[in-house]
There are 2 protein chains.
Amino acid sequence: MRHVAALAGVGIKTVSRVINDEPGVSDATREKVLSASRQLNYQLDMAAGSLRRAGRRTLSVGLLLPSVSNPFSGEINRAIEDALGARGIAVFAASLDDDPQREQDIVAAFLGRRVDGLILTPIARSQAYVIPEHSRDLPLVFIDREPVGVEADAVVTDNAAGSARAAAHLISRGHTRLAYLGDRTDIQTARERRRGFIEEIGRQGIPTSMIPVRENLHDEESARLAVLELLTAAEPPTAIFSSQNLITFGAMRALRELGLSKRVALIGFDDFTLADMMDPGVTVIAQHPERIGKLAAERLLARIDGDQQPPHTYVVPSELIQRGSGELRPPA
Amino acid sequence: MRHVAALAGVGIKTVSRVINDEPGVSDATREKVLSASRQLNYQLDMAAGSLRRAGRRTLSVGLLLPSVSNPFSGEINRAIEDALGARGIAVFAASLDDDPQREQDIVAAFLGRRVDGLILTPIARSQAYVIPEHSRDLPLVFIDREPVGVEADAVVTDNAAGSARAAAHLISRGHTRLAYLGDRTDIQTARERRRGFIEEIGRQGIPTSMIPVRENLHDEESARLAVLELLTAAEPPTAIFSSQNLITFGAMRALRELGLSKRVALIGFDDFTLADMMDPGVTVIAQHPERIGKLAAERLLARIDGDQQPPHTYVVPSELIQRGSGELRPPA
DNA sequence: CTACGATCGGACATCGTTGTCAAATATATC
DNA sequence: GATATATTTGACAACGATGTCCGATCGTAG
């Protein structure tokens with residue numbers, strides 16, 4: 001900047017004024033400065049600026065996702081980028097990979113870079129470690145799951161209600177022998193999905209003690225094995241609800257191996273590409289990652305802009321998409 | 001930092017020494033400082049540090065992808081994050097969305113944040129705009145496509161060779177009436193894929209002038225319509241090569257509509273989830289995004305560490321994965 | 001007890017920018 | 001032409017850290 005000032009023959013503060021579009025600069029001077037700046041290929045150093053600027057805004061935020069390679073996370077990432085990019089805010093994205101320690105490490109790395117806010121998918125048992133920062137007014141929004149140990153905004157899917165809708169849908173097609181396939185029980189959303197599913201079955205007057213619940217499935221293979229076992233036992237279920245994508249895939253494989261794809265009903269939580277190209281198409285409870293991301297970004301911006309409302313959890317409704325597998329009826 | 005120094009009763013430089021693990025501090029002093037730092041919940045400000053530090057490293061890099069929500073980009077993103085995260089480097093990820101103007105804008109935003117390097121998927125007609133920075137020693141690695149107008153490292157898939165392999169594979173199964181479905185011709189990789197495919201057909205002694213080439217397909221629907229048209233015309237092709245994921249999906253839909261999924265061979269460029277669950281499974285030329293990302297990150301780190309070799313383009317080989325659709329033979 | 005090297009600690013300038021404030025210049029008013 | 005006022009402009013300190021360099025302290029040998 002001093003070089004630009006020297007070349008233009010003005011003071012550095014004047015350069016600063018031109019670059020930042022502050023008023024009080026004559027057109028002639030402005031032109032001189034801009035020309036010098038172009039000539040030197042000058043680039044403002046935002047970091048140095050935010051050091052001095054009121055509020056110390058760095059125009060960057062940290063985003064912590066299960067994994068940037070996960071399509072669901074990718075959609076969220078994209079929606080957040082779009083909403084924040086419009087304000088000139090850049091996003092540090094990081095993956096936590098089911099590792100609670102990484103969660104804290106990455107948050108520390110973000111804080112060291114003086115981000116203006118954080119959007120986090122919590123996984124550690126407690127997020128109390130951010131209390132000091134949050135009470136120093138660091139904007140904070142959680143997505144997918146609510147935080148534990150700290151009060152902050154959160155944007156989540158209606159996990160229990162969505163799963164209840166799946167149960168009701170299957171029951172309305174005449175099923176009474178339902179099975180539940182769940183993710184690791186230390187994940188809050190997994191517990192919510194089970195609760196919603198089971199409670200709805202109870203509400204509909206079906207004894208829930210008979211419902212097979214297979215949990216702690218975290219990949220395709222374990223889900224496939226669980227379904228093979230369920231379906232080859234006595235009194236096999238006529239309908240299956242799988243609470244997560246990989247589990248749905250495992251279930252689909254097992255059904256295909258047994259030649260039961262068109263006889264055993266299946267509803268998966270989470271939509272996926274080509275679900276409609278399967279045979280039959282796979283009925284799902286679809287989440288809306290783009291809405292979750294957009295809402296989270298909007299809440300974060302509001303907080304950055306000084307919104308002082310008490311923290312609130314925003315629920316984004318899921319949606320039942322019928323494609324065939326969830327509409328199969330039980331054998332007569 | 002001054003607060004920590006005050007609380008610990010030492011000078012601020014001593015605090016800096018402790019935080020940065022520099023030698024020349026007694027254990028007693030170190031302990032005092034650490035304790036004060038914990039008490040105040042102190043966090044080093046990296047931006048301020050890099051202002052003064054030799055080399056001005058900010059420990060952050062910019063990553064520009066077609067879209068963070070695209071699974072292929074997601075894999076690359078993840079591999080890069082892993083490789084750079086190990087060195088404490090954070091990643092700004094942004095999507096360019098087929099918009100050449102965005103490419104420049106986002107690069108400018110990255111530069112303003114004084115990133116230590118850039119990994120870019122080029123899309124604009126020329127990347128000459130980064131020449132000033134690059135010649136000032138800004139490390140730069142391109143992925144997926146080679147840059148135009150600037151000499152820098154690049155990491156790409158063997159697009160032509162992979163497509164040639166697809167052609168050879170189909171011909172070895174007895175096909176002579178092949179069709180090519182391509183993306184927008186202003187995309188370098190799309191042109192490469194066409195070239196590889198067509199040239200291999202010529203090498204195998206089949207007249208290439210008869211090969212229907214349908215290009216500038218950029219979404220599922222346009223690809224579906226193109227395939228419907230191809231297959232209902234006189235002398236329809238017996239094998240189709242689609243040069244990109246969405247186009248492959250469109251082709252699959254068209255084949256299914258016409259009931260030809262098991263009669264017309266199909267090979268797609270790019271692997272995708274559940275390809276093996278289709279009926280028949282979809283044979284693909286798979287790219288290796290995780291290898292591309294890892295290699296790009298390694299090259300960037302080498303450049304950051306001062307590697308001065310002349311720029312080089314690294315080619316990551318693709319792989320033919322047989323799943324059935326590409327092994328169908330032409331009707332006798 | 002002094003001299004000396006090794007160790008430890010702090011004062012100060014500096015990085016690139018912006019906020020403050022006052023000086024310089026231009027313009028308007030009488 | 002003199003004064004008042006508005007507009008431009010720049011000098012300087014400060015943001016939070018680190019590099020440089022010098023001074024203080026300590027232990028030990030002579």
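Modeller: Let us start with a definition: a residue is buried when its relative accessible area is under 20%, exposed when over 50%, and partly exposed in between (1.4 Å probe, protein chains only). Strands (E, at least two residues) and helices (H or I, at least four) are DSSP runs, numbered from the N terminus. This is a predicted model, where local features need pLDDT of at least 70, side-chain atom pairs count only at pLDDT 80 or more, and totals for chains, interfaces and linings use all residues. Side-chain values use heavy atoms, leaving out hydrogens and water, residues are numbered from 1 along each chain as its sequence is written, and chains are lettered from A and ligands numbered from 1 in the order in which they are written.

Biologist: How do you know that both faces of strand 6 of chain B are covered?

Modeller: In a regular strand, side chains alternate between the two faces of the sheet. In strand 6 (residues 178–181) of chain B, Leu178(B) and Tyr180(B) lie on one side, Ala179(B) and Leu181(B) on the other, and all are buried.

Biologist: What makes strand 6 of chain B a partner of strand 8 of chain B?

Modeller: Pairing requires at least two bridges found by DSSP between two strands. Strand 6 and strand 8 (residues 239–242) of chain B have four, in the parallel sense, and Leu181(B) has Ser242(B) as its bridge partner. Strand 7 (residues 213–214) of chain B also runs parallel to strand 6 of chain B, joined by two bridges. There, Tyr180(B) stands opposite Val213(B). From strand 6 of chain B, the chain crosses through helix 9 (residues 188–203) of chain B to strand 7 of chain B in a right-handed β-α-β crossover; with the strands pointing away from the viewer, that path runs clockwise.

Biologist: Why is chain A called more spread out than a compact globule?

Modeller: The globule rule is 2.2 Å times the number of residues to the power 0.38, and the radius of gyration is taken over C-alpha atoms. For 332 residues the rule gives 20 Å, but chain A has 26 Å, well over that, so chain A is more spread out than a compact globule. Its C-alpha trace spans about 90 × 40 × 30 Å along the principal axes.
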